[in-house]
Amino acid sequence: MQLSTAHHDERLTAPRTWWGIAVLIGLACALMLLPLGTMPLLAGLVGGTALAGLVVSSYGSARVRVVGGALAAGNARIPVTALGEPEILDAEESRAWRTYKADARAFMLMRSYVPTAVRIEITDPADPTPYVYVSTREPQALAAALLAARTPAAPAA
């Protein structure tokens, strides 16, 4: 049985305001070094902005993909055959599953700046992880790709 080639690819980039905050952190570093002269001021501006930008970039580089019969969320790669039905979560329900409904054993790729998510139960009895929680800006597309990836592909003619 060959799995279909359903595909979903999304990058959970950080919001623009975070990049503005990274620049403000660089300015703060520059102002701290102002009493030492112009060169330290410029070094603080460049170094502080670069370091803050690196942090924002790395946090905002998480990818959610459905490709090759697997859900790839961040560093995890889970075969769709080990996943149950995807549950689309609106902003309120996503917040609930990130807080008081959350299970410490669950795999969670969550980004606070993404209001919606998809929750998928793990059906593999050997896996102690109860479910996967994935923040996504396109929950319907992710759920559809997961469902399509589980159906067998049509044989090639």
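## Close-up views of a predicted model

**View 1. A strand-to-strand pairing, up close.** V67 has A70 of β3 as its bridge partner. Strand β2 (residues 63–67) and strand β3 (residues 70–73) pair in the antiparallel sense, and four bridges hold the pairing; two strands count as paired if DSSP finds at least two bridges between them. Strands here are DSSP runs of E with at least two residues, helices are runs of H or I with at least four, and both are numbered from the N terminus. This is a predicted model, so to speak: local features need pLDDT of at least 70, side-chain atom pairs count only at pLDDT 80 or more, and totals for chains, interfaces and linings use all residues. Residues are numbered from 1 along each chain as its sequence is written, and side-chain values use heavy atoms, with hydrogens and water left out.

View 2. Angles are taken between N-to-C directions and run from 0 to 180 degrees, with axes being lines fitted to C-alpha atoms, for helices over the stretch in contact.

**View 3. Two helices side by side.** Helix α1 (residues 16–32) packs with helix α2 (residues 38–59) at an angle of about 150 degrees, their axes 7 Å apart. That makes α1 roughly antiparallel to α2, since angles over 145 degrees count as roughly antiparallel (under 35 is roughly parallel, 65 to 115 roughly perpendicular, and the rest oblique). Residues in the contact include W18, W19 and A22 of α1 and L41, G44 and L45 of α2; contact means heavy atoms within 4.5 Å. The residues of this contact divide into 13 nonpolar, six polar and no charged. Here Ala, Val, Leu, Ile, Met, Phe, Trp, Tyr, Cys and Pro count as nonpolar, Asp, Glu, Lys and Arg as charged, and the others, Gly among them, as polar.

**View 4. A second sheet, with mixed pairing.** This open sheet of four strands has the order β5-β7-β8-β6. β5 (83–89) and β6 (107–109) stand at the edges with a single partner strand each, so one side of each has no neighbour in the sheet. The twist averages 15 degrees from one strand to the next. Three bridges join β6 to strand β8 (residues 131–135), and the two run parallel. F107 stands opposite V132 in β8.
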